[in-house]
Amino acid sequence: TYRVAHLIQKKIDPFNILVLTFTNKAAKEMRNRITTVIGPEAKNIWMGTFHSVFAKILRVEAHKIGYPNNFTIYDTDDSKSLIKTILKEMSLDDKLYHHNYVYGRISMAKNNSISVAEYQQNEQIQADDFTSGRGFLGKIYETYANRCFKAGAMDFDDLLFKTNVLLKEHVDVLNK
């Protein structure tokens, strides 16, 4: 809070300050504290959770990575429902490929910035999947990602993953 206040007192434009938190509660508390210290200029600071701020960035820039700017955000239930549909269409054993497990595996990949192609080409990941009897996880991940893309949708993990992709591929976004 005081660091942000100090930056503003040093005449740094609040639009050039980014404050990220993990929870909505922490973001609200931080905004209240900063507003108390510096006043209404706090409303001009980019502040919120990683997911909310990255969603705002993607709403403006998603077209650069092939998504519509009005993309849909899938919640966990939407994602698991899509995974269940994919498992059924692929005629996979829903006990071995339980939707929660598959969802967690895809989430783990995205949270480690592992794309579909990287997942499918990573020898260790593939060995782990085949050893566990789940050799189709890479194909499920690919199908899931393609379906989300075609639907103009991102899940919560994509908000982080796709922002990472955007910033790597389009450095100009950082200079706005």
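1. The largest nonpolar core has 21 residues, and those that touch the most other members are Ile83, Leu87, Tyr97, Val102, Tyr119, Ile140 and Tyr144. A nonpolar core here is a set of buried Ala, Val, Leu, Ile, Met, Phe, Trp, Tyr and Cys residues joined through side-chain atoms within 4.5 Å. The elements that give two or more residues to this core are α4 (76-89), α5, α6 (116-121) and α8 (137-150), and the largest share, five residues, comes from α8. Helices (H or I, at least four residues) and strands (E, at least two) are DSSP runs, numbered from the N terminus.

2. This is a predicted model, in which local features need pLDDT of at least 70 and side-chain atom pairs count only at pLDDT 80 or more, while totals for chains, interfaces and linings use all residues. Residues are numbered from 1 along each chain as its sequence is written, and side-chain values use heavy atoms, with hydrogens and water left out.

3. Val102, a member of the core described above, touches Ile83, Leu87, Tyr97, Leu137 and Ile140, not counting residues up to four places away in sequence; contact means heavy atoms within 4.5 Å. Apart from this core lies another, of 13 residues, among them Ala62, Ile65, Phe71 and Val173.

4. Which residues does Lys110 touch, not counting those up to four places away in sequence? They are Tyr141, Tyr144, Asp155, Asp157, Asp158 and Phe161. Lys110 lies in helix α5 (residues 99-111) and is buried, with a relative accessible area of 5%. Buried means under 20% relative accessible area, exposed over 50%, and partly exposed in between (1.4 Å probe, protein chains only).

5. Side chains of opposite charge can pair when their charged atoms come close. A salt bridge is a side-chain nitrogen of Lys or Arg within 4 Å of a carboxyl oxygen of Asp or Glu, and by this rule the count comes to eight salt bridges. One of them joins Asp155 and Lys110, with the closest N and O atoms 2.8 Å apart. Asp155 lies in strand β4 (residues 153-155) and Lys110 in helix α5, so the pair ties together parts that are 45 residues apart in sequence. Asp155 counts as buried, at 3% relative accessibility.

6. Lys110 also forms a salt bridge with Asp158, where the closest N and O atoms are 3.0 Å apart. Because Lys110 lies in helix α5 and Asp158 in helix α9 (residues 156-169), this pair ties together parts that are 48 residues apart in sequence. Asp158 is buried, with a relative accessible area of 4%. Elsewhere, salt bridges that share partners join Glu61, Lys64 and Asp172 into one network.

7. Arg33 forms a salt bridge with Glu29, the closest N and O atoms being 2.5 Å apart. Both residues lie in helix α2 (residues 24-38), four residues apart, which is about one turn of the helix. Arg33 counts as partly exposed at 46% relative accessibility, and Glu29 is partly exposed as well, at 36%.

8. Most residues other than glycine have a negative phi. Ser91, although not a glycine, has a positive phi of about 55°; Ser91 sits in the loop between α4 and α5 and counts as exposed, at 65% relative accessibility. Ser113 likewise has a positive phi of about 55° without being a glycine, and this residue is found in the loop between α5 and α6, where it counts as partly exposed at 31% relative accessibility.
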